[in-house]
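Q: I would like to learn how to read a protein model. Can we go through it feature by feature?

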Amino acid sequence: MSPTRVLVLNSGSSSVKYQLLDMRDGSRLAVGLVERIGEQTSRIKHTALTTGDTREQNGPIADHQAALKAVADELGRDGLGVDSPELAAIGHRVVHGGMFFTEPTVIDDAVLTEIERLIPVAPLHNPANLTGIRTAMALRPDLPQVAVFDTAFHTTMPEHAARYAIDTKIADRHRIRRYGFHGTSHAYVSRATAKLLGKAPEDVNVIVLHLGNGASASAVRGGKCVDTSMGLTPLEGLVMGTRSGDLDPAVIFHLQRVGGMSMDEIDTLLNKRSGLFGLCGDNDMREIGRRIDEGDEEARLAFDIYIHRLRKYIGAYYAVLGRVDAIAFTAGVGENAAAVREAAVAGLEGLGLAVDGDLNAVRGDQPRLISPASARVAVAVVPTDEELEIATQTYALVGKGTGKGN
């Protein structure tokens with residue numbers, strides 16, 4: 001029988017998240033996380049879902065090579081080793097694929113070179129993704145390694161949505177355009193929303209709201225993205241946990257000229273000390289909600305700014321799509337913060353949007369509608385599954401006979 005397992009790797013600058021899935025039914029066999037790589041306090045947490053056993057180890061893990069060796073060891077202890085003949089491929093999350101990569105791609109030297117060329121537009125993410133890929137390729141040089149790009153789903157945006165209004169020669173020379181991110185989540189959730197409505201993706205227009213510590217919105221017409229809130233980098237768009245989102249570019253000039261801040265200091269301010277954290281000192285929506293309940297005005301203002309920006313994007317994407325069949329909330333905040341969902345659509349009844357208070361209060365891990373039965377536009381909570389999306393795309397590519405060993 002052909003191998004049916006896919007190992008999904010998400011390599012960050014100091015962490016590796018991983019899942020092993022059986023693509024016969026999409027079931028998870030193991031999940032885990034290696035964090036604080038390069039520190040004395042490194043930790044690996046591994047759960048074998050075949051047995052329900054969870055193991056945790058603490059101690060120094062020097063680099064990504066050592067981290068993936070630890071992952072392989074943990075999987076091997078459960079009889080799920082990286083050397084197993086049942087492993088069909090390894091799927092890698094790669095944050096930035098530019099315009100060159102529009103679909104999942106089997107990795108070779110040319111692909112590695114192009115991902116490396118994109119480092120200037122994804123300096124925090126692509127280097128870590130490359131390190132994970134190279135380490136995995138050394139572990140299993142005989143196995144297809146597939147890159148699944150966060151940006152790929154958004155490459156269907158028309159030029160009038162993807163272009164910035166700056167000199168086109170300069171923009172083209174430096175690859176400046178709107179790429180968008182969280183693409184695997186937006187792809188998965190838009191399809192899952194159509195399924196929830198009992199329709200084919202090509203028949204549905206959906207606004208997807210991926211609300212986590214990083215947050216983005218997308219307008220999806222007939223299964224294809226036509227606009228998204230993040231741009232050249234993940235900084236543009238919605239108010240996020242620590243990122244500012246949309247900002248007058250002249251603020252940067254002002255901070256440099258008048259505030260005396262360096263470019264690096266401004267970069268840190270906008271990416272790590274802004275958003276909810278910059279507004280009220282907390283980037284956890286649960287803590288902000290608790291503070292609001294206690295009468296904290298700073299937390300209330302941060303929440304109101306967050307919701308105001310979110311509501312603006314809903315309205316804008318309603319106009320972009322012309323007809324909206326559903327709005328889908330997903331990711332950590334979108335799936336769990338009932339107050340955010342309720343506030344985001346409050347006052348938009350004229351657009352056919354409303355939530356049912358009782359339905360909205362229900363927690364669960366399955367896609368569900370939270371709008372009244374009479375609502376013109378469905379409002380849904382759709383848990384995202386980026387790992388399953390990466391595994392599905394990886395296995396579909398390998399199953400076509402593409403890649404090494406096929």
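A: Start with a helix on a sheet. Helix α1 (residues 64-77) lies across β1, β2 (15-22), β3 (27-35), β4 (43-48) and β5. Its direction makes about 30 degrees with that of β2. Axes are lines fitted to C-alpha atoms, for helices over the stretch in contact, and angles run from 0 to 180 degrees between N-to-C directions. Helix α3 (residues 126-139) also packs on the sheet and touches β1, β6 and β8 (145-149). Its direction makes about 165 degrees with that of β6. Contact means heavy atoms within 4.5 Å.

Q: What should I know about the model and its numbering?

A: This is a predicted model: local features need pLDDT of at least 70, side-chain atom pairs count only at pLDDT 80 or more, and totals for chains, interfaces and linings use all residues. Residues are numbered from 1 along each chain as its sequence is written, and side-chain values use heavy atoms, leaving out hydrogens and water.

Q: How many helices and strands does the protein have?

A: Helices (H or I, at least four residues) and strands (E, at least two) are DSSP runs, numbered from the N terminus. Here there are 15 helices and 14 strands.

Q: In what order do the strands of the open sheet lie?

A: Strands of a sheet pair through backbone hydrogen bonds, either parallel or antiparallel. Two strands pair if DSSP finds at least two bridges between them. This open sheet has eight strands in the order β5-β4-β3-β2-β1-β6-β8-β7, with mixed pairing. Its edge strands, β5 (53-58) and β7 (105-106), each pair on one side only.

Q: Which strands does β6 pair with, and is β6 covered or open?

A: β6 (residues 87-94) runs parallel to β1 (residues 5-11), joined by five bridges. L7 has I90 in β6 as its bridge partner. β6 also runs parallel to β8, again with five bridges. There, R93 stands opposite V148 in β8. β6 is mostly covered, with eight of its eight residues buried. Buried means under 20% relative accessible area, exposed over 50%, partly exposed in between (1.4 Å probe, protein chains only).

Q: Which residues have the most contacts inside the largest nonpolar core?

A: In soluble globular proteins, nonpolar side chains tend to be buried together. A nonpolar core is a set of buried Ala, Val, Leu, Ile, Met, Phe, Trp, Tyr and Cys residues joined through side-chain atoms within 4.5 Å. The largest one has 45 residues, and L209, L211, M285, Y306, L310 and V340 have the most contacts inside it. Its largest share, 11 residues, comes from α11. Beyond neighbours within four places in sequence, L310 is in contact with L209, L211, L238, V340 and A344. Another core, of 30 residues, lies apart and includes M23, Y188, V208 and I390.

Q: How many disulfides are there?

A: A disulfide is a pair of cysteine sulfur atoms within 2.5 Å. The whole structure has zero. C225 is buried, at 0% relative accessible area. C280 is also buried, at 6%.

Q: What does the overall picture look like?

A: Buried residues make up 52% of the 406 residues. The C-alpha trace spans about 55 × 55 × 45 Å along its principal axes.
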